[in-house]
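Dear colleague,

Please read them with the structure open beside you.

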Amino acid sequence: MRTYPIPFNEEARLRAVFDVPGLTAENEALFDTICEATRRLLDCPIAHISVVEADTQWYKSVVGYPLEPMPKDTGFCSHTIMSDVPLVVPDLSKDPRFERHPMVAKGGPEARYYCGVPLILSSGHRFGSLCALDLQPHEQPSEKQIALLEDLGRMVVAALERSQPNAPELKADTSAESTFLTLVGHELRTPLTVLFGSLRMLEAKAEQGINPLLIRSARRSVDHLSALIETIISYSNVSTGELRLNERECNLNDLLQSVSALHFATTDATTKTITLRDSLPLEEMHIDGDQIELAVTALVLNSVLHGGSEIALGTFKDAEGNIEISITDNGSFDDHVDLAELYKPFVVGGMMDHRSTKGGLGLGLPLTRKLIEMHGGDFEVHVEAGRSRAVIRLPAWRCDIGGIAAANVAAPVIAAQ
């Protein structure tokens, strides 16, 4: 399983990275000087300017230790670019996000201290970090040290973005806005679909008396939609196509029971109920509960509208302790669906036009994939004999509420991803 999260606007972010005029492998003394100042400021043996690309992380400058380009699994800066604020980890071995990281665990370099600021382009996209590393734990840096580190980070960006002679004028990239609006528009429509279906059922059954279950489903959808709108306003940036997480302590079992209790109406004014399998004895998880509930609801709704008659929702734990949420139905996929295409950006079952297919594929799947990848997790769809199964996998460290709380107390400038 991956060890790093992926930004919601990853494709737009990468395009912005490739457009930076000065972001080449050739080095300049200025960047070494900035890294040296960073190393001294934080009293660390190593400092570097990283560039985070699709699958790799490379270095514009490094002082203190020779670092070659490496897979994102073996770096820390993929976490730093998830927020506009510094990422400070006084002891990586005591932070549940990193304790099993290959650079931290026994047998590796056994890194302990990390302090970095995201490098933010004038477009608002984050392309890497300016950070310091040590093999020994550190105390929390002072506010003055953090402020100076942020100033040094802005110097890096200013040097990279300085105007180039005869450089062609770049046109504004509106694809990020378009994609963001498309996916978030679907996010808003998911509870509306449940609401609309419940109201249709109420209308159809009006002569038979009011059904309290449908009323509760409609009311919950209204509440969920209101909360989603507020979340999107607070945690999104349409100009960069970014959606951020509002992470907090949530009970996963309560969340899944809430989804399974909904009554989903189909186009023929009938309902399908969700069977909730025996769930793991999970306590709390550190997640964005609204986004995880949205992802699970979107998958269940796909099964209701386009899947089979039997739908089951359950939780499991894999051999590494990662949490799996499984949505299974006894439906099948249309012939045009290419499962490999699901994992490509903004592709829906092979073609963007296929918004509604009988196997449960729709815009909810790439949206779900993005929300789960932001959590550092994985999303997969499996076609098996006589059934289709969607699996959300969340990393084990998100169950370590005590460890996360301790890490945040020790390093209060760490922001939610």
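Helices (H or I, at least four residues) and strands (E, at least two) are taken from DSSP runs and numbered from the N terminus. With that numbering, Ser 123 is found in the loop between β5 (113-120) and β6 (126-134). Please keep in mind throughout that this is a predicted model.

Turning to the charged side chains, the count comes to 19 salt bridges, and I describe some of them here.

In helix α2 (residues 29-41), Glu 36 and Arg 39 are three residues apart, which means that about one helical turn separates them, and their side chains meet in a salt bridge with an N to O distance of 2.6 Å. Both partners are partly exposed, Glu 36 with a relative accessible area of 22% and Arg 39 at 24%.

A second pair within a helix is Glu 373 and Arg 369, which sit four residues apart, about one turn, in helix α9 (residues 364-374). Their salt bridge has an N to O distance of 3.2 Å. Here the partners are buried, since the limit for that class is under 20% relative accessible area, and Glu 373 comes to 14% while Arg 369 comes to 5%.

The salt bridge between Arg 248 and Asp 288 has its closest N and O atoms 3.8 Å apart. Because Arg 248 belongs to strand β9 (residues 248-251) and Asp 288 to the loop between β13 (284-287) and α8 (289-306), this pair ties together parts that are 40 residues apart in sequence. Arg 248 is partly exposed at 29% relative accessible area, whereas Asp 288 is buried at 0%.

Finally, there is a network of salt bridges to look at, in which Asp 318, Glu 324, Glu 380 and Arg 393 are linked.

How values were computed
Residues are numbered from 1 along each chain as its sequence is written. This is a predicted model: local features need pLDDT of at least 70, side-chain atom pairs count only at pLDDT 80 or more; totals for chains, interfaces and linings use all residues. Side-chain values use heavy atoms; hydrogens and water are left out. A salt bridge is a side-chain nitrogen of Lys or Arg within 4 Å of a carboxyl oxygen of Asp or Glu. Buried means under 20% relative accessible area, exposed over 50%, partly exposed in between (1.4 Å probe, protein chains only).
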